[in-house]
There are 2 protein chains.
Amino acid sequence: MKLYVIGLGPGGEEQMTLRAARALEACDCVAGYGLYLDLIKNLLDGKTRIETGMTREIDRCIAARDAALSGKTVAVVSSGDAGVYGMASLVIEVCADFPELEIEVIPGVTAACAGGAALGSPLTCDFAAISLSDLLTPWEVIEKRLRAAAAGDFCIALYNPVSKKRAGHLQKACDILLAVQPPETVCGTVRNIGREGESFTLTTLGALRDTKADMLTTVFIGNSRTKAVGGRMVTPRGYKGV
Amino acid sequence: MKLYVIGLGPGGEEQMTLRAARALEACDCVAGYGLYLDLIKNLLDGKTRIETGMTREIDRCIAARDAALSGKTVAVVSSGDAGVYGMASLVIEVCADFPELEIEVIPGVTAACAGGAALGSPLTCDFAAISLSDLLTPWEVIEKRLRAAAAGDFCIALYNPVSKKRAGHLQKACDILLAVQPPETVCGTVRNIGREGESFTLTTLGALRDTKADMLTTVFIGNSRTKAVGGRMVTPRGYKGV
């Protein structure tokens with residue numbers, strides 16, 4: 001019995017790997033957040049949808065598991081990569097007592113990579129991915145990680161910089177980074193990654209602090225070597241002679 | 001005039017996005033390291049290859065740029081994601097004085113995501129990607145980042161844990177992490193990510209220190225909450241009631 005966990009990439013079906021598309025095709029049931037299922041609706045003809053709301057992830061994974069146990073081929077889908085702020089860990093956990101289920105996680109393009117490509121190449125060398133959502137991680141832990149990332153001179157991809165319920169997280173994050181990094185540090189934001197209307201902006205850490213981002217935005221913070229080159233955000237790899 | 005920089009994903013063409021495959025199809029010339037070009041040779045029929053050795057990346061990007069300036073449609077390809085330890089930054093840099101060239105970076109599945117999927121879901125929450133290669137980054141900087149990642153309780157994906165010329169880097173890295181993290185920290189290694197013979201092993205940080213990894217291996221270090229579940233490496237997302 002087979003249960004797939006599939007990363008769809010950032011947008012529609014063009015952003016998916018061939019491997020992900022083939023696995024989806026083999027499925028009877030597909031479980032996911034409605035918005036993500038709509039992005040791939042052309043691939044879901046004749047398949048049963050298992051939908052629950054954004055905050056009912058455990059129920060969704062259990063429903064997918066039970067459908068798989070009943071003999072269906074099932075996929076749980078996440079946008080981006082299923083292993084990065086996605087559903088893969090939860091699926092493995094809710095299936096822990098069902099070794100008869102074979103779980104195959106199929107990776108996808110995460111927002112750090114897709115948004116980075118839109119901006120240029122901000123994460124070329126060592127980087128950290130940090131979510132500013134304190135729904136599942138205490139805010140003190142997030143602050144500790146921001147401080148550590150700045151101390152290590154990592155490039156940073158900030159997931160979930162704002163939400164309806166949380167105001168000021170991006171500003172607080174910038175203040176923590178500004179204690180270590182200069183205000184002219186090159187930064188970038190990308191909206192609607194991989195979707196219609198994708199757009200990006202280059203900015204600085206000082207200006208980012210007072211920027212109003214929205215829920216569709218991913219934020220990129222440069223390290224000490226990041227620069228703007230021809231309107232793109234670039235962290236050099238370090239080759240001599242360039 | 002168009003110059004693509006394309007992330008191929010970890011292995012053969014099945015690991016590529018549809019968008020990457022379509023862009024490749026539109027190209028007259030493809031530049032890349034021979035090993036990666038061989039992995040997608042079915043897609044290169046009738047196209048000119050621009051090949052240089054592993055350490056002649058600047059020459060390769062300049063040759064690709066010049067082919068694009070002569071009117072060809074050209075792709076520079078990287079394995080994984082072109083923006084993560086890949087060619088995207090170098091291409092943008094060598095094209096800085098040629099604004100007539102439109103550079104489109106097409107993201108791919110990086111080894112952190114692809115290797116993570118093989119292991120389960122080790123990077124679910126905040127994570128750091130660190131390369132142990134000191135070819136382009138001084139070793140002291142790498143050590144600083146390892147210390148910072150451990151201080152921030154990040155999950156870690158270690159790229160390039162060993163090479164022909166560098167012995168003992170993985171052991172040194174583990175010693176730095178062991179100063180902060182307990183030896184029973186759950187770790188994993190993946191060999192031949194996304195290619196024939198892909199295999200993974202779960203281990204601990206204490207045991208990893210004395211493991212002989214090879215150049216085909218990517219290493220994953222858990223954070224304080226990472227655990228083994230049903231033979232997979234899982235960092236829980238933090239949902240209550242699981």
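View 1. Strand E7 (residues 127-131) of chain A and strand E7 (residues 127-131) of chain B run antiparallel to one another, paired over three bridges. Strands here are DSSP runs of E with at least two residues, helices are runs of H or I with at least four, both numbered from the N terminus, and two strands pair if DSSP finds at least two bridges between them. Within this pairing, A:Ala129 sits opposite B:Phe127 of E7(B). Keep in mind that this is a predicted model, with local features needing pLDDT of at least 70 and side-chain atom pairs pLDDT 80 or more, while totals for chains, interfaces and linings use all residues. Residues count from 1 along each chain as its sequence is written, chains are lettered from A and ligands numbered from 1 in the order written, and side-chain values use heavy atoms, leaving out hydrogens and water.

**View 2. The A–B interface as a whole.** Here 64 residues of chain B touch 64 residues of chain A, contact being heavy atoms within 4.5 Å. Together the chains bury about 5900 Å², 61% of it on carbon and sulfur atoms; that is accessible area (1.4 Å probe) lost on putting the two parts together, summed over both. On the chain B side, B:Leu136, B:Arg145 and B:Tyr239 give up the most area to chain A, together 12% of what that side buries.

**View 3. A salt bridge between the chains.** B:Asp126 pairs with A:Arg145, their closest N and O atoms 2.9 Å apart. Eight salt bridges are counted between chain B and chain A, each a Lys or Arg side-chain nitrogen within 4 Å of an Asp or Glu carboxyl oxygen. Helix H4 (residues 88-94) of chain B supplies the largest share of the side touching chain A, six residues.
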